[in-house]
Amino acid sequence: MKALIALEDGTTFTGTSFTGPGETSGEIVFNTGMSGYQEVLTDPSYTGQIVTMTYPLIGNYGVNDEDNESAAIQVEGFIVKEYNEIPSNFRATGSLAEFLQAQKILGIENVDTRALTRHIRLAGALRGVISTEDLDPDSLVAKAKGSPGLVGRDLVKEVTCQEPYGWSADGPKPGSNFSSCPAARYKVVCYDFGLKYNQLRLLAERDCAVQVVPATTSAAEVLAMNPDGIFLSNGPGDPAGVEGVIETVRELLGQKPMFGICLGHQIMGLAYGATTYKLKFGHRGANQPVKDLATGKVEVTSQNHGFCVDLSSLPEGEVEMTHVNLNDDSLEGMAHKKYQAFSVQHHPENAPGPHDSIYLFDRFIEAMG
Amino acid sequence: MPKRTDIKKILIIGSGPIIISQACEFDYSGTQAVKALKEEGYEVILINSNPATIMTDPEIADRTYIEPITPAMVAKIIEKERPDALLPTLGGQTGLNTAIKVAEMGVLDKYKVELLAADIDVIKKAEGRDSFREAMYKIGLKVPESAIVHTIDEAMAAADKIGFPVIVRPSFTLGGTGGGVAYNSQELEEMCTAGLDLSLNTEVMLERSLLGWKEYELEVMRDRNDNVVIICSIENMDAMGVHTGDSITVAPAQTLSDREYQEMRNASIAIIREIGVETGGSNVQFAVNPEDGELMIIEMNPRVSRSSALASKATGFPIAKIAAKLAVGYTLDEIQNDITRETYAAFEPTIDYTVIKIPRWTFEKFPEAEDILTTAMKSVGETMAIGRTFKEAMQKGLRSLEIGISGFGGHAKFDLAGMDQRDLEMQLKKPNSQRIFALHEALVRDMGVERIFELTAMDPWFLHNLAQIYGLEKEIKEGGFQGLKGDFLRRCKQYGFSDSQLAFLTGTSESDIWQLREQENEQPVYKLVDTCAAEFEAHTPYYYSTYEEENEARASEGRKVMILGGGPNRIGQGIEFDYCCVHASFALREMGIESIMVNSNPETVSTDYDTSDKLYFEPLTKEDVMHIINSEKPDGVIVQFGGQTPLNLAVALDAMDVPIMGTPPDAIDRAEDRERFQKFLQKLGLKQPANDTARNAEQAHEIAAEIGYPVVVRPSYVLGGRAMRIVYNEEDLTRYMFEAVQASADHPILIDKFLKDAIEIDVDAICDGKTVVIGGIMQHIEEAGIHSGDSACVLPAHGLSDKMLAEIKEATRAMALELGVIGLMNVQYAVKEETLYIIEVNPRASRTVPFVSKATGVPLAKLATKVMAGKTLNELGFTSEVAIDHYAVKEAVFPFDRFDNVDTLLGPEMKSTGEVMGMDHDLGLAFAKSQFGAGQSIPSEGAVLISVRDSDKETIVAVAHELASFGFSIVGTKGTASFLNDNGVECTRVNKVSEGRPHLLDKIHDHGIQWIINTSMGTRTTEDSFTIRRAALDYHLPYTTTIAGAQAMTRAIASLRGQDLQVKSVQEYF
Ligand SMILES: Nc1ncnc2c1ncn2[C@@H]1O[C@H](COP(=O)(O)OP(=O)(O)O)[C@@H](O)[C@H]1O
Ligand SMILES: Nc1ncnc2c1ncn2[C@@H]1O[C@H](COP(=O)(O)OP(=O)(O)O)[C@@H](O)[C@H]1O
Ligand SMILES: [Mg+2]
Ligand SMILES: [Mg+2]
């Protein structure tokens, strides 16, 4: 089935659908990871985005029940070079097409994804529409122009959990104030801005009882649970657009050890009084080199972000940069000098991607004493 | 960390001659490393016995020793040069093993030479199977259950525990030599005998069989700050049991989810740390159980390898270059990524295409050997192809092989339609060089992926993709020529179908399809290999073709020349031709002309992205080459350097008005076409052995009788001496006509008078159309009848009369001018009774060009390039042959030990895979060096076994006499013994095998023989002489199969008495 991709700047690309008819819009971004499409598809940080994989062959190993990073597919649409319909992997429980179709997510193949990627690299992340129903370039470009972007938009309230839940051996389990969590050494409250399950898995593995709470949860409510530590998850969109949370985080600063990842990290930055900006086309992939300034060692990291904390805006003397991105010198990690609060822009929980940065979770455990 | 300043001089050990499992990839790696170290201001000393390498060019290292890579020689060089450090990880297994031995000799300690990258314990920990498994257990990784044994009995006992089949694997050997799968105790005994003998430390490991598991490789790099990155993952299409060097492999891994991939990544990192490789690259091999993903470690190589070369070409990340910089102290985050220029080497390349590597085998040259693939590598070359999809890459890869196929199916050759079903299933089950054709036939017979998987254990993912290609093949057939249009035509090209396949499937011609695509405007685009999937801008123009929307090729202004490479290595066409192509590129750069390289061989220097201004990694077919020409519009195309591959394209390209540089294609035809060549020689009054062409058996017999036996016969349509035989009588001829070839009107048989006991001469010359200058006149050591590529040769020619030398020069001059050669020309002559015969003329760069260049210090290929680009030899200041006051001996290296049951007799069909050079002021010593370099030892005392055919008995007397005078005892078989005794040489007789025990094998076994001289009529005459030669091989005894060889060896022994070998760098020679 023929499909058309239209970008707000008027560019179009052709392809064919491998998931049947449909139309969807979002910010078009590329991910350079060569494996891990299932984790990418289910990563809430991609809310509002259409993802294209730069690796051309997708679907090879199918999908399984173990590699979901959230309860549902989060991307608005998926663009690949060649969809491989017959999976081959001992863990595979189904094909990628079935997985997408079940959740009505449009998948497009036979696209010159390298051309698309190069276009985004030069033009920057763009709003776009993909469709099998409207194949008229002009009208589709118009739709792209009309579609909502990400800047200033609060996507967190769309993806954060409605009810608090705990993390147990067999995944999420409804319940508040650690009621549904197996007993453990540390009690950690996790703010869900669109978190990835692997963050919870890694905490649980480290003897943490994990209580996930909605983004709107107040500082008082959290402190009332008397946690040993507070975790701020990743999430979609523009941190500046997220309502209320920044103040909450500011209140919690210094009260308990705090660890933030990606959007969580950006929100901490804003709470410190720093500012954020939008990268031209973001960092999305599994090969971004990050240097730990304390050890001078390089870790290869998994990344997925379009916004970034402005290094120059960090409050002098209060907050210091701990990690830097070797490709573009952007801020990758920071720590508060007075309080036990640290955060990174990349994804130490990986899934998908290298495990080089898992040590940060151990650091968090240490911080909780 | 900045680079180290405490070391100034670094010694690098190369990998020596091209052999199976150690080919030009180590020239590629080594050259990169040497350049990188010099860039950093270090003084680099190099030893490599292989003259055909770029790394041994005088301007690459500061001092270059083209000497045998033996511990003794390396020790001499260390003593003379006093390097601060030795970098042992670039010369393959040879470099590594030699470094270990030198260290054990105490030489490194004595002269305070530091081992860079990996010290002895590290190397041993990784290479010793035992210590390696210990290490793996320590970090919680699994290795297949196994036992280390040192005797046959231990082996038997262990096998009972592990259970058959068991994998037999000697420690410290190349490419798994001597290894294999033993299905029963008898096979086990055979393999262990060989294995224990081959292993550096008589240690063999028996291992639980993982046959049928999936096999993977990861390329890892580590710096001294303990940063570790993965450069590339490779998945083998052939399951465990087929050596990775013999497997079709794909990058990146295709059937691993991120979890499984990360598990492998973590394991690789843990391994390189535990083994303790300080800096540089390593290669880790994994086996994965397809049932449940269980992971086992197969091995790790703590050095650059064939796979790391492949990984470098597949990703654009220059592993060897970076490894060299890490070795001198840089860290990954300090080294810039050449391709993006804005990022660093501290990252993991990500690719947005699929790469496939397909081996090229050479079983047809060793008919006695069974065509099966096991844990010991057998392929002599490989080709790599890049496509956006696996299907496209697979089809490009197959047509890159240059074995007469144009893709996966859709060609006449290797059609298995007639094959019995049971045989077909056997072909699928037993890995062999033809399996890809069996796979196609299985799809044709609709056997189904399930069944094919059962038989081959190839991952269904690969099989499904192949099935999709075949599915489209059927559609193409059904749709016919009419069907080929619009989206369907595009889909065909995207699936990698070549015009030739489409023509075959639609019963049209390649040019029909070509024209059709011009009308339909269906043309390929070119995309960049950039290490980063377009995330950053790429600055190095390294291209591959595909059928998509955006074209990234940037045809530049200014004068540019395209060089067509030689494709995959094969016997008869190897590194020598790549050397010439690379020199062409260097010469163009010197002239300020843009160079565009086209090649499909990942092992080579020519496919290094910074060798030429532009690199197109593409198949060398007319279609693929014409596409590039149409896109780049070069001012000229060089076809005379890449061997037969580009030469075979010359006429076709010429017909399409491509500007061929240098010698006109018609001259090539004139030299290759029998009739035209005869007229040509007659015109010049030059002699050729009496010859004629037979179109059927009767004719052949008439002609042979007419010319008189012995005769040389060969099919007219094959090159490289294929299926060429010397036929001594009627019966032989009958057999040949029956077995070897089916003569027919369009496939005639060429019959030449065999010039017996003639001296063969090789001449390389260069001509600008007016002036001819001889590059070198080489005298073969073995007589004519032994392929020029297989015989040792000496420069300068020492045994010819001045009159004959003058005649040779004159003939060469005359032929070059008459042919209108612009560039290089090679002539093979035979001299018999002061008469000069022309054997063949090749108006192109020959296999001997690098040898001559290294021996004389004249860069022939560069000069030739400049001549082709319009300069005259006068302008280039090269107007007369250079005389040298030393001797250079080229010796060939053979793969016989790789193939069971193969005879080591030499003949007119080339069998060698590589060569070495020995240089010295004394001919005997030069020859000695060539022998050591080729891995042949030279006895100084003991017994020499002589067993020669009657015609040789006269001449061998002198040799035996001299040997006896050196104190050797002479042992001989019946005939030879009595003949020698009658002629005053004391000779003890020994039984042939057929004469009952104790026979000579017993004697050999008890180390009672130190050298074997055995000549035999034509092909493997009596079983007896065969067993002698084979025993020599199996027991690593020096053996000589020609009188000339025996004389040369005796001369070497004479020279070695009293004086010992000295080392001298090429820079000191010139
Ligand atoms: N236990 C085993 N079972 C089956 N095949 C094996 C086993 N071990 C090795 N192999 C096969 O033998 C090949 C060569 O083994 P390897 O350890 O890589 O030796 P080499 O040093 O020659 O590369 C491997 O590529 C693999 O295909
Ligand atoms: N008439 C002949 N007499 C003796 N030896 C010959 C004759 N013709 C060919 N040979 C031997 O066969 C070898 C291969 O023949 P050649 O014509 O050079 O084929 P190729 O194209 O493979 O080089 C030569 O190097 C030479 O040793
Ligand atoms: Mg191996
Ligand atoms: Mg020849």
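This is a predicted model: local features need pLDDT of at least 70, side-chain atom pairs count only at pLDDT 80 or more; totals for chains, interfaces and linings use all residues.

Started with the magnesium ion (ligand 4): I find it coordinated by OE1 and NE2 of Gln828(B) and by OE of Glu840(B), at 2.1 to 2.6 Å.

Next I checked where the two residues sit. Gln828(B) belongs to strand β30 (residues 822-832) of chain B and Glu840(B) to strand β31 (residues 835-842) of chain B, so the pair ties together parts twelve residues apart in sequence. I also looked up accessibility: Gln828(B) counts as buried at 8%, while Glu840(B) counts as partly exposed at 29%.

Cysteines next. How many disulfides does the structure hold over all chains? I get zero. I looked at Cys190(A) anyway: its nearest cysteine sulfur belongs to Cys208(A), 8.3 Å away. A disulfide needs the sulfurs within 2.5 Å. Then Cys308(A): the closest cysteine sulfur is in Cys262(A), and at 9.8 Å that is too far for a bond. On burial, Cys190(A) has 0% relative accessibility and counts as buried; Cys308(A) is also listed at 0%, hence buried.

Last stop, a sheet in chain B. I read an open sheet of five strands, paired in parallel, in the order β3-β2-β1-β4-β5. Which strands are at the edges? They are β3 (63-65) and β5 (114-115) of chain B, each pairing on one side only. Further in, I followed β1 (residues 9-13) of chain B against β4 (residues 85-87) of chain B: a parallel pairing over three bridges. Within that pairing, I see Leu11(B) opposite Leu86(B) of β4(B).

Technical notes
Residues are numbered from 1 along each chain as its sequence is written. Chains are lettered from A and ligands numbered from 1 in the order in which they are written. Side-chain values use heavy atoms; hydrogens and water are left out. Two strands pair if DSSP finds at least two bridges between them. Helices (H or I, at least four residues) and strands (E, at least two) are DSSP runs, numbered from the N terminus. Buried means under 20% relative accessible area, exposed over 50%, partly exposed in between (1.4 Å probe, protein chains only). Donors are N, O and S atoms within 2.8 Å of the metal (3.2 Å for Na, K and Ca); water is not among the atoms, so sites may look incomplete.
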